[in-house]
There are 2 protein chains.
Amino acid sequence: MNGLMMDCPLVIPSILKRATRYFPEKEIVSRYEDESIHRSNYGQLHARVVRLMNVLRDLGIKPGDRVATFAWNHRRHLELYFAVPCLGAVLHTVNLRLHREQLRYIFNHAQDRVIFADRSLAGLLAGLKPELPAVERYILMDERGPEPADLPTPWVDYEQLMEAASDREEFPKFDENTAAGLCYTSGTTGEPKGVLYSHRSTYLHAICGCMVDTSAVSERETLLPVVPMFHVNAWGLPYSSALAGATQVFPGPLVLDRPLAELLEAERVTIAVGIPLIWNRLYQYLKENRHDLSRLHTLFVGGAAAPRTLIEGFAHDFGINVVQGWGMTETSPVGTVSRLKSAMSDWTETERLKVQVKQGVPVVTFETRILDENEQDLPWDGHHVGELVVQGPWVASAYYENPGADAAFTKDGWFRTGDMATMDERGYMQIADRKKDLIKRKGEWISSVDMENEALVHPGVLEAAVVGRPDEACDELPVLFFVTRNEFAATVEIEDIIALLGRKFARWQLPKPEDVRHVPTLPKTSVGKIDKKALRLLLPCPPLKAQTTCNAHSQAP
Amino acid sequence: MNGLMMDCPLVIPSILKRATRYFPEKEIVSRYEDESIHRSNYGQLHARVVRLMNVLRDLGIKPGDRVATFAWNHRRHLELYFAVPCLGAVLHTVNLRLHREQLRYIFNHAQDRVIFADRSLAGLLAGLKPELPAVERYILMDERGPEPADLPTPWVDYEQLMEAASDREEFPKFDENTAAGLCYTSGTTGEPKGVLYSHRSTYLHAICGCMVDTSAVSERETLLPVVPMFHVNAWGLPYSSALAGATQVFPGPLVLDRPLAELLEAERVTIAVGIPLIWNRLYQYLKENRHDLSRLHTLFVGGAAAPRTLIEGFAHDFGINVVQGWGMTETSPVGTVSRLKSAMSDWTETERLKVQVKQGVPVVTFETRILDENEQDLPWDGHHVGELVVQGPWVASAYYENPGADAAFTKDGWFRTGDMATMDERGYMQIADRKKDLIKRKGEWISSVDMENEALVHPGVLEAAVVGRPDEACDELPVLFFVTRNEFAATVEIEDIIALLGRKFARWQLPKPEDVRHVPTLPKTSVGKIDKKALRLLLPCPPLKAQTTCNAHSQAP
């Protein structure tokens with residue numbers, strides 16, 4: 001027997017309608033590269049989205065067609081966030097930091113018919129044009145700055161198309177399982193893989209962001225996503241913010257140090273969202289420069305584990321709560337959020353920090369397990385490390401047009417994340433490593449994330465990365481790369497770092513002194529994570545081919 | 001093209017699983033009629049639900065079967081909230097305050113196979129038994145108190161069945177549109193009508209309750225539903241609380257004055273939920289009796305409009321935020337919540353109160369319109385009064401097994417609420433009246449709710465109700481019934497009340513002095529609303545038959 005409730009689909013047009021109807025005056029602020037500010041609001045957004053839908057219709061875009069964006073965070077990108085899926089087409093946000101080869105692969109694999117690009121970025125596409133036969137139009141968005149010489153031709157101007165388009169409002173109806181968005185993983189191994197989000201998954205994920213114990217987006221907040229809009233839908237915040245009627249501040253390309261701090265201050269931002277690298281830089285900057293960030297109460301951190309020192313520093317020095325989350329392109333992305341439970345308010349700060357460095361409790365609708373090599377469940381004790389597998393209505397069930405990548409999905413409906421993690425008794429998940437980054441030493445695992453966290457406790461260490469180097473036949477040794485803070489560069493001693501690590505790790509786990517290496521910078525991936533694949537190229541020996549076959553012979557100490 | 005997200009249904013078993021897995025130690029507190037306290041937690045709840053599912057299986061309950069409850073708010077009722085729908089059966093919560101005839105009709109219409117009743121209430125069912133042929137078993141729940149003489153026989157004891165049942169855990173899988181709950185309207189006209197909730201509607205409604213701008217249920221809250229669990233699922237709070245891991249406090253039958261205040265204090269309740277009547281009584285009680293309710297920050301009010309005086313009183317005297325919502329059995333129930341928008345924080349208290357007395361902004365997924373008599377949309381200006389029609393994934397699309405009641409649903413998919421309301425420019429809805437309670441005077445509408453609100457401004461007036469009495473052929477006159485506060489009884493002057501009303505209403509709208517009537521009490525419906533149908537019986541003249549046909553002749557002044 002079925003219930004007798006209305007069959008109302010959860011679709012993105014409803015999010016826009018809600019923002020328009022109940023919060024028309026709430027602001028959408030964009031800052032351009034020249035630091036000028038543009039102000040609009042949800043009422044204006046609605047009118048422009050209606051017009052942009054007609055632009056897309058005029059371009060012949062049909063339901064299911066892919067429309068690509070190649071842009072920073074700004075109001076026109078937000079217009080596309082709504083207009084494309086509201087038409088039943090698929091918004092494909094492309095990571096502008098990818099290599100030329102990856103871009104070529106992605107545009108062709110997605111068969112994008114149109115690319116909406118920032119004028120300042122379009123030069124990156126010019127040379128690619130002959131290799132992108134499916135692309136019919138290049139539409140340039142940013143009105144600022146000089147005309148670059150090497151644009152793809154023919155190109156058309158966004159605002160000219162908008163002026164020419166009708167303002168007749170017509171929202172088609174469709175099922176909630178209709179595709180809405182497409183995003184490719186920026187994995188460092190193999191070809192990028194596409195994840196195709198639905199209206200239902202996007203809407204549910206947006207609601208989840210407004211729940212008190214997740215991102216707590218509400219009408220009274222002002223959100224600034226530093227995380228790019230090409231990076232898993234800016235973690236869903238543009239949709240959550242519109243649903244709640246929150247003010248949105250888009251920073252454009254300038255997201256480091258002074259320009260970021262000034263924007264946070266001027267727009268009285270309350271919640272900002274980005275990767276650890278950004279907040280680490282901001283913290284350094286704020287230690288030396290005075291800004292009134294009294295309205296800023298929460299920094300959400302994802303993309304990589306937030307070091308304990310970052311959480312401590314912001315809390316102590318600025319009274320700002322750093323909240324970690326975990327997610328992936330394949331999980332829309334938010335899967336866990338690390339908030340303290342009420343009983344922990346009586347704990348000591350040290351005890352609380354041990355929880356805050358974890359990636360947190362799975363969010364509503366999300367299921368997690370950790371599996372050993374034989375696909376058996378491991379206990380939730382905070383110690384057993386296994387592969388994290390997940391399930392939920394905003395988790396991918398397959399990659400887009402990529403049957404060869406099916407191994408990531410179990411037969412009984414779970415996604416293998418490739419992350420090695422623990423779950424503790426209270427349900428907090430902690431990432432130990434990417435599966436391929438975990439270091440096997442004498443048959444036991446060493447978490448590179450743990451070791452990096454410990455190294456960062458040293459006041460002179462700004463960034464740290466640990467990778468394994470082959471040692472004997474079945475074993476690896478940890479190698480620690482570190483970058484020093486300017487003012488401490490001369491005072492950091494390798495022995496001090498090893499001694500610090502020795503407080504947490506057994507002697508046989510510690511790196512040898514020659515494996516603790518001071519470097520001027522660490523290589524980063526296109527989404528700002530430390531690029532361990534690139535770091536491994538700095539190692540003396542290539543990985544041993546026999547390595548994966550000899551677990552049976554290795555012995556734990 | 002469909003998205004490639006997992007097909008994970010939104011079902012009630014996931015709510016239980018979440019509470020159990022992440023918040024097993026969070027408490028479920030029940031207070032019995034003898035004021036003794038029982039403490040359990042979500043971990044224990046899970047074990048008991050598994051066992052109760054096996055009890056239901058042993059009784060032969062199959063998916064789709066209706067299982068009735070006839071009980072106050074307590075932990076065993078909560079066990080049924082999960083066990084019945086987790087089995088794929090339908091939880092039918094019956095209003096124990098209904099008349100015998102209505103009970104007979106409802107049990108027979110629903111064809112309940114089993115009734116779970118509180119021992120103290122079972123006597124009400126004893127005489128009905130011969131008239132309920134579909135009911136196979138009566139199961140008595142409350143272990144406290146003496147054995148009443150007139151129980152329905154044969155009956156069985158809840159705990160005996162639990163002891164005999166297996167603890168084998170088996171959760172069947174089903175579609176999210178499967179029926180989960182059944183609740184009958186307690187409308188004062190016609191036969192009660194059943195609303196059949198689905199797992200999807202219940203789950204989405206539960207998530208909505210955890211959003212910051214709705215009920216903001218979170219892990220750190222302690223919730224006390226005064227609203228009965230037989231009244232539209234206690235407004236969904238047991239499910240929202242379990243989803244969030246919030247502490248739940250169930251008050252049993254004692255929800256007035258001292259027992260309520262003591263429970264709020266002892267259990268450090270942070271959010272309590274009920275109808276205006278309850279909070280009005282509590283306010284009076286707290287004015288005269290000292291309790292430490294410093295943890296209580298929010299009282300949610302629904303079921304009837306909260307008077308301005310109640311909102312003001314709690315804010316001024318106790319620092320407690322009274323938040324109104326609006327909903328109906330047909331809307332699961334929450335449809336609107338009245339929270340102030342951030343821009344209103346600069347407003348004067350008087351301006352803010354004008355917003356707070358409204359029923360609020362539609363919640364996520366919820367659509368509203370107000371229609372005139374020709375089904376045309378009226379402007380959202382805060383003045384035009386029309387019938388509120390609504391749409392959303394937790395709104396009924398039909399009544400259960402009742403094709404005769406289809407007129408409540410429009411052909412294009414909206415539910416006619418029967419409430420007359422305004423919507424203002426900011427999207428705040430305000431109920432003017434039930435359609436049948438609105439008073440027509442010289443061709444214009446008078447809102448009885450507005451007039452009651454004004455009368456309650458008089459410090460001597462405790463309760464007020466306005467109904468229309470026929471005057472000339474096409475017109476009605478308002479009649480105001482009021483109850484005085486004890487300490488003011490001697491000092492209330494009819495003229496003063498009329499003068500008060502005169503500040504807001506035109507002279508031709510005011511009641512005549514002989515139509516302002518002091519009464520010792522006001523009649524109430526089974527869910528605690530003022531029973532205007534009963535009040536009309538006190539009026540001198542019967543309604544005129546010709547009344548509805550002569551609108552064309554009447555003139556606005």
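The questions and answers below concern a predicted model.

Me: How many disulfides are found over all chains?
Reply: A disulfide requires two cysteine sulfur atoms within 2.5 Å. The sulfur of Cys8(A) is 14 Å from the closest cysteine sulfur, that of Cys208(B), and is therefore too far for a bond. For Cys8(B), the closest cysteine sulfur belongs to Cys208(A), again at 14 Å and too far for a bond. Over all chains, the number of disulfides found is 0.

Me: Is Cys8(B) buried or exposed?
Reply: Buried means a relative accessible area under 20%. Cys8(B) has a relative accessible area of 15%, so Cys8(B) is buried.

Me: What is omega for the peptide bond that joins Ser332(B) and Pro333(B)?
Reply: In chain B, Pro333(B) is in the loop between strand 14 (321-327) and strand 15 (334-337). The bond between Ser332(B) and Pro333(B) is cis. Its omega is about 5°.

Me: What is phi of Ser332(A)?
Reply: Most residues other than glycine have a negative phi. Ser332(A), in the loop between strand 14 and strand 15 of chain A, is buried at a relative accessible area of 6%. Its phi is positive although the residue is not glycine, with a value near 75°.

Me: Where in chain B is Val232(B) placed?
Reply: Val232(B) is not a glycine, yet has a positive phi of about 50°. Its relative accessible area is 2%, so Val232(B) is buried. Its place in chain B is helix 8 (residues 232-235).

Me: What arc do the buried residues of helix 15 of chain B cover around the axis?
Reply: Within helix 15 (residues 494-502) of chain B, Ile497(B), Ile498(B), Leu500(B) and Leu501(B) are buried. They lie on the same side of helix 15 of chain B, because the arc they cover around the axis is only 155°.

Me: Which strands of chain B do the buried residues of helix 15 of chain B pack against?
Reply: These buried residues pack against helix 14 (448-455) of chain B. Their contacts also include strands of chain B, namely strand 23 (461-470), strand 24 (476-484) and strand 25 (516-518).

Me: Is Phe314(A) buried or exposed?
Reply: Phe314(A) and Phe318(A) both belong to helix 12 (residues 308-318) of chain A and are 4 residues apart, about one turn of the helix. Phe318(A) is partly exposed, with a relative accessible area of 30%. Phe314(A) has 0% relative accessibility and therefore counts as buried.

Me: What is the angle between the ring planes of Tyr399(A) and Phe409(A)?
Reply: Both Tyr399(A) and Phe409(A) are buried. Their ring centres are 5.3 Å apart, and the pair is edge-to-face because the planes stand at 65°.

Me: Which ring does the charged end of Arg369(A) sit over?
Reply: A charge sits over a ring if CZ of Arg is within 6 Å of the ring centre and within 35 degrees of the ring normal. The charged end of Arg369(A) is 4.9 Å from the centre of the ring concerned. That ring belongs to Trp414(A).

Conventions: Residues numbered from 1 in each chain as written. Chains lettered and ligands numbered in written order. Predicted model: local features only at pLDDT ≥ 70, side-chain atom pairs only at ≥ 80, totals over all residues. Heavy atoms only, no water. Buried < 20%, exposed > 50% of the residue type's maximum accessible area, 1.4 Å probe, protein only. Helix = DSSP H or I, 4+ residues; strand = E, 2+ residues; numbered from the N terminus. Arc of directions from axis to C-beta. Contact = heavy atoms within 4.5 Å. Phe/Tyr/Trp six-rings, centres within 6.5 Å; stacked < 30°, edge-to-face > 60°.
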